[in-house]
Amino acid sequence: MQEQHVFIGDLTRREFREALAGGKFQTAIIPTGSIEQHLEHLAMEHDIRMATHVAEQVARQLYPQVIVTLPIRAGISEHHMMHQGTVSAKPGPWLSVIFDAVESLVRHGINNVLVLNGHGGNEAPVNGIIGQWHLYFRAQAPQANVQFHSYWDLSRPEAEKLCKTGVPGHAQEYETAMALAVCPHNVRLDAMQDQEDRSPLGASAEQGQKLVDAAVNATRRYVEEMIAGQHRPF
Ligand SMILES: [Zn+2]
């Protein structure tokens with residue numbers, strides 16, 4: 001069987017052109033996250049790693065309806081810049097890159113675009129401006145439906161049942177559990193023991209897999225509803 005390419009950058013232009021012409025990849029997910037401190041024990045890529053993982057699983061489950069763009073790795077993280085290693089983008093330029101990525105996809109005939117976010121600091125800037133994006137697309141490409149959600153918001157009721165502490169928190173129980181399930185090499189168990197914040201100690205890989213499944217299932221449902229014509233801004 002032919003390999004299922006679900007990232008746009010893995011396809012050639014012919015493969016993508018022919019797929020679009022054949023009615024495939026009519027919906028795109030753009031994962032957004034951050035490279036920023038995640039306490040002493042969790043790798044700094046966590047947010048983008050997890051948003052990309054959820055997006056990829058959804059695209060595989062709905063193949064060949066959904067394509068994932070390359071992840072936008074840096075996020076808006078000024079509030080974490082006191083920790084060395086954080087790479088932060090300014091809100092204006094960052095929003096421009098996201099908007100341009102969305103518009104590029106729409107210009108190529110992809111009408112449903114979900115920006116799937118994994119970093120809390122990106123939420124307020126996008127939520128502040130997405131109404132303007134909707135108005136722009138209503139005028140320029142009325143068939144387009146562009147939405148923005150953090151994966152934990154789509155799966156919140158389920159996630160809150162599975163966690164003893166707040167969802168999503170920051171590098172705490174929720175994020176640590178998901179990392180233990182998806183990328184355990186990103187969790188330094190020894191560092192978890194000797195830091196002040198004890199909440200990550202409540203996390204387990206088994207719990208993390210349930211949280212990942214909840215995020216993937218909820219996001220897949222949302223994307224299916226977008227494909228069915230729901231969640232339109234107008
Ligand atoms: Zn995080």
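These legends accompany several views of a predicted model.

Local features are described at pLDDT of at least 70 and side-chain atom pairs at pLDDT 80 or more, while totals for chains, interfaces and linings use all residues. Residue numbers start from 1 along each chain as its sequence is written.

View 1. Helices (H or I, at least four residues) and strands (E, at least two) are DSSP runs numbered from the N terminus. Along the sequence they follow the pattern α-β-α-β-α-β-α-β-α-α-α-α-α. Of the 234 residues, 43% are buried, meaning that 20 or more other C-beta atoms, placed from the backbone, lie within 10 Å of a residue's own.

**View 2. Here is the open sheet, with 4 strands in the order E2-E1-E3-E4 and parallel pairing.** Strands pair if DSSP finds at least two bridges between them. At the edges, strand E2 (66–68) and strand E4 (145–150) each pair on one side only. From one strand to the next, the twist averages 20 degrees.

**View 3. Strand E3 (residues 112–117) meets E4 in parallel over 6 bridges.** Look for leucine 116, which stands opposite histidine 149 in E4.

**View 4. Helix H2 (residues 46–61) packs on the sheet.** H2 touches strand E1 (27–32), E2 and E3, a contact being two C-beta atoms, placed from the backbone, within 7 Å. The direction of H2 makes about 165 degrees with that of E1; axes are lines fitted to C-alpha atoms, for helices over the stretch in contact, and angles run from 0 to 180 degrees between N-to-C directions.

**View 5. Helix H9 (residues 205–227) also packs on the sheet.** H9 touches E1, E2, E3 and E4, and its direction makes about 160 degrees with that of E3.

How values were computed: A residue is buried if 20 or more other C-beta atoms lie within 10 Å of its own, exposed if 12 or fewer, and partly exposed in between; C-beta atoms are placed from the backbone.
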